Amino acid sequence: MNFLSVGNPKRFLKLVVVVFTALIIGLGLLVSPAQADSVGEDFDHAVLGNVKIKGEPIGGVRIVVEGPSYTAEVRTSDDGSWLVGVPTKDTYTVTLDQETLPAGIAVLEGGATQDVDLGLSDRVVKNFFIGQGERNEVSFFDQFVARLIYGINFGLMLGLASVGLSLVFGTTGLSNFAHGEMVTFGAVAALILGTVLQVPIWVAIPAAVILSAGFGWSLDAGLWKPLRKKGLGIVQLMIISIGLSLTLRYVIQFFIGGGTEQLPGFDSPKINFFGSVALSINDLYSMGISIVAILGFALWLLKTNTGKATRAISDNPDLAAASGIDVDKVVRLVWIVSAALAGLSGVLWAYFRPGIKWDMGTQILLLIFAAVTLGGLGTAFGALIGALVVGILVETSSLFIPSDLKYVGALVVLIGVLLFRPQGLMGRKQRVG
Amino acid sequence: MDWGTIINNTLAGLLTPTTIAFALAALGLAMHFGFAGLLNFGIAGFMAIGAYGYAISVLTFGFPWWGGMIVGIIGSILFAILLGVPTLRLRGDYLAIVTIAAAEIVRLLFLTTAFTDVTGSADGLFGYNNSGGFTSANPFPPGSYGWGPWTYNSETLWVLTFGLGVLAVCVWFLWALMRSPWGRVIKGIREDEEAIRALGKNVFAYKLQALIIGGIFGGMGGIIYAAFANVSPGVYVTSITFFIWTSLLLGGAATIWGPVIGAVIFWTLQAFLSNILPELALAGILPVSGTQAATLRFVLVGIGLMLLVIYRPQGIFGDKRELTFVK
């Protein structure tokens, strides 16, 4: 029986009345004071804690402890302490009512409701990590809009990396597993220029992109071209790219260590847009730079001779070669362009995360693959659309699923696409083989 | 430089539960890639499912240890079917991307805090060997066994004996399979799928069977690893898949003993490098810090993998004619 259906207006009205009554009673309960700072002290077990911010206690914060058969609530005393005695050794959920915190203060980690387990000891201390922060009280729609914009930003960034991977695949047939390291390379180059050599950041970033382009050139000149000449198959090339990925990743770790480094100006101020969408100045720059770079790339691919030659090789390498296109020269250019775009996306991603880590490229490698596959392997503009879809999906999915699973959604899409439309959104069926 | 310790630790690396676990996983990859030509980059996912299947069924559902291990194996079979049914019709490099993505999904699902009660999240799981009775099934009385670098307490000896037994059965099984008519069909599919299809064989079913058998080996590898160490999601990352690939290609992909010997060489070399590189750094011979020296061995793995594929794709024991399918 579907009693929630709106089909019967009378029943629906009744439901609304019931809900409202419940809400009003609930609000009444909220208003009524529960001033004790410790309850149930007669019980053998207890959950207790302290609410403090930078050593300053906060009094009057409402704490609710709920267990399988017992619920109690307290308000913290003037020294910030609270204690709730509980009858049984069980798992209890402790909720800190953020409404009772001073303005501008919120629970920063783990959420306002957390579990405590009294399995091992009689008294368990539960402290919340609170500090200045946005309280999570914006409406779902506002959150969605904010996530959507972050997603577009992330998607554009992924797009920069994806078009390169897609072009390399289109022209050489290689699924380059070292592409993630090309992303990291750009970020690390900007880091070394910007913080070690103290170059102004607006010089450091273009220089990092140029260095990335040079890196792409040297990879093709030193490794991929000789291997193509040697006539290695694409599976062998793919495994070599895995070896290259491991090598580069750990070489980067060798130089910058295992920690997280920051580029200059990573904590730029935030600007509020219509309601709750707060974007930092970096986010705006990042989107602007991505769009300009992608437009430039599109113009190159569509209008110039080398761009046309690239597309011709993606279509049919033998025919292109027979038509007088110097395949090696074009492939070299593709590696340069691909590495430069990957490097740029690495710099932007370092601002988006924020932070530079030795394995940051590997973290998004599969998302890049997802974007490229979704768009259609070997199609540059398909990769761009795929990247936007993946970026938006990753960011908005954290509204519905735990945020540490947000990449799973994109990977499921990747597998789903390969199952139902292996040629991708823009690809042609013949490529699937 | 303390050569005694370095040599001792290196020799100890020849026979450890880790080596056995990775030899099993490499054996699974040999089935997938070497014999059936399937590019599986998700072997870490099979290991994770084996390990977590064992640990979770013991800890959460109170299975005995052998029941838990069977659950781990069933888990790997189901994972193989789930992975294989939709993807085996796709081209090789598509399968590679799907398997690597699936293994990451598995790892992220074990890592997320959403299922902490069951999976232990980032802390992983422990204590299942005791509560499942694997430890008390140990036939060896407490004490010290072996000599020199190969000195083990009774618990390690039990895991080693158990692991070696499993490995021996798996090696024998793979050897028997590969000289059977079934094995010849599998190799035929690897060489020329269309030709085998023209003979009226159901290529898809054969490939799926190969994926399942290799997946069982991989799951067993995860179980042996779990029987020795804790189950932690940080182990089953894509790097581990690549290390197993390196072991496999080192020994020879299309051989029976290659993956086992490759894994032994790989982990002995790792033990050697992880001992000697920091010592060299400490002695001032290498101008790097201790942590940098530890990183260096993974750089060497990467370079080694590249050189191996470029110059000797058939591995140490392989026959080059067996690898013409790698195009």
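Helices here are DSSP runs of H or I at least four residues long, strands are DSSP runs of E at least two long, and both are numbered from the N terminus. With that in hand, colour chain A by secondary structure: you'll find 12 helices and 14 strands.

A quick word on what's on screen. This is a predicted model, where local features need pLDDT of at least 70 and side-chain atom pairs count only at pLDDT 80 or more, while totals for chains, interfaces and linings use all residues. Residues are numbered from 1 along each chain as its sequence is written, with chains lettered from A and ligands numbered from 1 in the order in which they are written.

**Stop 1: the two domains.** Select 34–132 of chain A, then 140–431: these are domain 1 and domain 2, with bounds from an automatic or database domain assignment. Their C-alpha centres sit 45 Å apart.

Stop 2: Show both chains. Contact means C-beta atoms, placed from the backbone, within 7 Å, and by that rule 35 residues of chain A touch 39 of chain B. On the chain A side, the elements giving two or more residues are α5 (234–256), α10 (360–375) and α12 (406–420). Which gives the most? That's α5(A), with 15 residues.

**Stop 3: the cores.** A nonpolar core joins buried Ala, Val, Leu, Ile, Met, Phe, Trp, Tyr and Cys residues through C-beta atoms within 7 Å. Buried means 20 or more other C-beta atoms within 10 Å of a residue's own, with C-beta atoms placed from the backbone. The largest core has 207 residues, and those with the most contacts inside it include Leu367(A), Val390(A) and Leu24(B). Select helix α9 (327–352) of chain A next: it gives the most to this core, 17 residues.

Now centre on Val390(A). Leaving out residues up to four places away in sequence, its contacts include Gly155(A), Leu158(A), Leu367(A) and Val413(A).

Finish at a second, separate core of 18 residues, with Val51(A), Ile63(A), Trp82(A) and Leu96(A) among them.

Terms used: Contact = placed C-beta atoms within 7 Å. Buried ≥ 20, exposed ≤ 12 C-beta atoms within 10 Å, placed from the backbone.
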